[in-house]
Each structure stands twice: as C-alpha cells, then as structure tokens.
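Please look over the model below before setting up any calculation. My notes follow as numbered points.

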Amino acid sequence: MAKRADAIIIGAGVIGAAIAFELAKRGYKTLNIDKLPASGYGPTSNSCAIVRAHYSSREGVAMAYEGFFYWKDWADYLGVEDESGLAKYMNCGTLLLESQTGHHEKVLKHYRDVGVEYEEWSPEQLKERMPIFDTHAFYPPKRPDDPHFWDQSEDELMGAIYTPGSGYVNDPQLASHNLQRAAEAHGGEFLFRATVAEIRRADGRVVGVTLSDGLEIDAPVVINVAGPHLDIVNEMAGATGDMNVRTKPLRHEVRMFDVVGCGIQNPRNDDFSVRHLDVLENQRRG
Ligand SMILES: Cc1cc2nc3c(=O)[nH]c(=O)nc-3n(C[C@H](O)[C@H](O)[C@H](O)COP(=O)(O)OP(=O)(O)OC[C@H]3O[C@@H](n4cnc5c(N)ncnc54)[C@H](O)[C@@H]3O)c2cc1C
C-alpha cells in the first residue's frame, strides 16, 4: 500500500466509497481508510436505503434528484463489474404526507425550481390510492406521557406529494462495495481494519494521518466521512471551533416487522391490510 495519496478518505461507507469513485475518476490517487473489515459495514449497512428528494434545502433536493439517475442506471454509472453482483434500485416512488408543519411547501418550492417530477394528491386521492393508510392528522405531536397521547384525531391530513422517481436500494452494503470496485478500477485504494488515530498538521495545513498502529500516511487532502464518528475526527483536525452542528455516536435499538411480500406493491390488494395487521398482532403477542 502507498504511504502517500492525493486524498485520504476517512471512512468507506456509501459516502466515502462514492467520493473515492468520483475523485479517482478525476485522476486523484485516493486512499479510503476504515476500521471495519469491508466497505459499507458501518451505519450504511443498517440503512433502509430510501432514495428520496423531499428535503427542505434546495441543495439537498438537487443532489438527491441527481442521485435518482445514477441509481436508475447503476451499471452504467459504475462502468465496472463487481464479482458480488450489483445493488438494485427499487423505483417504487415515495409519498410525503402534507401536514400543518408546512414542510411540504418548502419541498414543493424546491421541486418546482429543480424540476423534480411529482403529483400532488388530494386527501380523497390519498385514500383511494393508499387505502391501507390511516389519513388522520396527529399534529402537533404529543409526548407519550401526555394523557391525550392515545386520543383518536378528528383532523384529516391535507393530502400528499407522490414522487415517482424515488424508491430504495435493495442492499446498501453491496452498493458501497460496487462503488469501491468502481473506484479501484480508476486506481483508488482501500485499507480496512485500520483506525485513524491522529490527523497530522504543519503550517496550518493537514499533511496526513497516523493510524492506531503508528503507520503514517501523507496526503495534502484529508476527507472526513466517518459517519457518526465525524465529530471525533474533526476534533483530531482541530476543526470543531466553527462548527454549528456537532454529533455524538449513539446506538439505538430498532425493531423490525417482517411485512415483506404482503402485497405492498398493490395498494388495492385488500389482503395486505389484513396480513399486515396479523403480523403486527403476532409481534405484539411476542
Ligand atoms: C437505521 C438507519 C436507517 C437509515 N435509513 C436511511 C434511508 O432510508 N435513506 C437514507 O438516505 N439514509 C438512511 N440512513 C442514513 C444513512 O445510512 C447514512 O447517511 C449513510 O449510510 C452514511 O454513510 P457514510 O459513508 O457517511 O457513513 P458510515 O456508513 O457511517 O461510514 C463511516 C465509516 O467510517 C468509519 N470510521 C469512523 N471513524 C473512523 C476512524 N477513526 N478510522 C477509520 N475508520 C473510521 C466507520 O467504521 C464507518 O465504516 C439510515 C441510517 C440508519 C442507522
């Protein structure tokens, strides 16, 4: 492995692997360093991998919308084979429910500006096209200790925004591996089971990193895509002083309900709601 790179990328999650691919394509000699054994093994592998464009900033909407096209033509975007196969884009569309929060108004403004295709559904259309949904509105949110937490609502949702181009990726870890292979095809390198312990600086500039085993690797550019650990890495670089947003890695227990294959692709399938409720009931009974 080279002890020098044009750009060191701390992290090989889906973002780190994608940055490596884009930089390597542009001729940078990249090196991703990750403490885990493979690309996308951290939070990326736990992601639901939903690809949506309904963000509240124009930049967020524009970037996510551009992503639709890469996901839809993934093999063409990568331009390489992967011995593990390619991740698949499930282009099922997404729904953003319209509520009194007004979030959808910010989204729609950016959608029109950027040119994202969408349909605005009235409450009646929402009921007709998604009969499994409870269309009651529960805004403003109540805390579980509020005596009215379980109250049924009389209010109805205002409608929904359907974005046909969105969907989800069937395997986010595999998508990261695909990006790794694509970066490697352009000369990018990946170092796994290696922890960055220090970011070295000289004359006010970053000059490289030192790993926990003492190995020093030099680079004029160090990119921090360490996921939930990015604040710790920013601290290594002495770069937290002007950060408005700080992060803290946390583990949170998540429950999963297996409702796959219950007819979700056909919302008119009455069977779905019955079987869905069965699954939930079985889960409740443990
Ligand atoms: C339960 C869950 C559901 C989600 N659902 C969605 C979704 O539906 N749609 C969506 O867009 N996003 C979703 N996300 C968010 C999405 O997973 C993340 O935004 C994305 O995976 C971040 O990728 P990343 O490459 O930035 O970071 P990560 O995947 O966190 O990768 C960072 C890597 O950095 C490495 N690292 C950290 N510190 C060091 C160090 N000092 N030295 C070496 N390596 C280091 C870690 O080992 C890790 O592999 C979800 C996340 C979770 C947890």
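**Notes on the predicted model**

1. Pro-140 sits in the loop between α6 (123-129) and β7 (159-163). Helices (H or I, at least four residues) and strands (E, at least two) are DSSP runs, numbered from the N terminus. A cis peptide bond links Tyr-139 to Pro-140, with omega at about -5°.

2. On conventions: this is a predicted model, where local features need pLDDT of at least 70 and side-chain atom pairs count only at pLDDT 80 or more, while totals for chains, interfaces and linings use all residues. Residues are numbered from 1 along each chain as its sequence is written, and side-chain values use heavy atoms, with hydrogens and water left out.

3. Confidence next. pLDDT is the predictor's confidence in each residue, from 0 to 100. The protein averages 90, and 89% of the residues score at least 70. Residues 262-279 stay under 50; the model gives this stretch 16 contacts (heavy atoms within 4.5 Å) beyond four places in sequence. Where pLDDT is low, the predicted coordinates should not be read in detail.

4. The fold has nine helices and 13 strands. Among contacts between residues at least 6 apart in sequence, 66% join residues at least 24 apart.

5. Now the ligand. Its shell holds 24 residues, and Ile-15, Asp-34, Thr-44, Ile-50 and Val-196 come nearest. A residue is near if one of its heavy atoms lies within 4 Å. α1 (14-25) and α2 (43-46) each supply at least two shell residues. By class, the shell has 13 nonpolar, nine polar and two charged residues.

6. Which atoms of Asp-34 and the ligand lie 2.7 Å apart? They are a polar side-chain atom of Asp-34 and an oxygen atom of the ligand. A backbone N or O atom of Lys-35 lies 3.2 Å from a ligand nitrogen. For Ser-47, a polar side-chain atom lies 3.4 Å from a nitrogen atom of the ligand. Taken alone, the ligand exposes 1,000 Å², and the protein buries 74% of that (Shrake-Rupley method, 1.4 Å probe).

7. Two backbone checks. Ala-49 is not a glycine, yet has a positive phi of about 60°. Ala-49 lies in the loop between α2 and β3 (50-51), and is buried at 10% relative accessible area. Asp-203, also not a glycine, has a positive phi of about 50°. Its loop runs between β10 (196-202) and β11 (205-211). Asp-203 counts as exposed (over 50%), with 82% relative accessibility.

Terms used
Polar contact = N/O pair within 3.5 Å; in protein donor to acceptor, adjacent residues only side chain to side chain. Nonpolar A, V, L, I, M, F, W, Y, C, P; charged D, E, K, R; others polar. Buried < 20%, exposed > 50% of the residue type's maximum accessible area, 1.4 Å probe, protein only.
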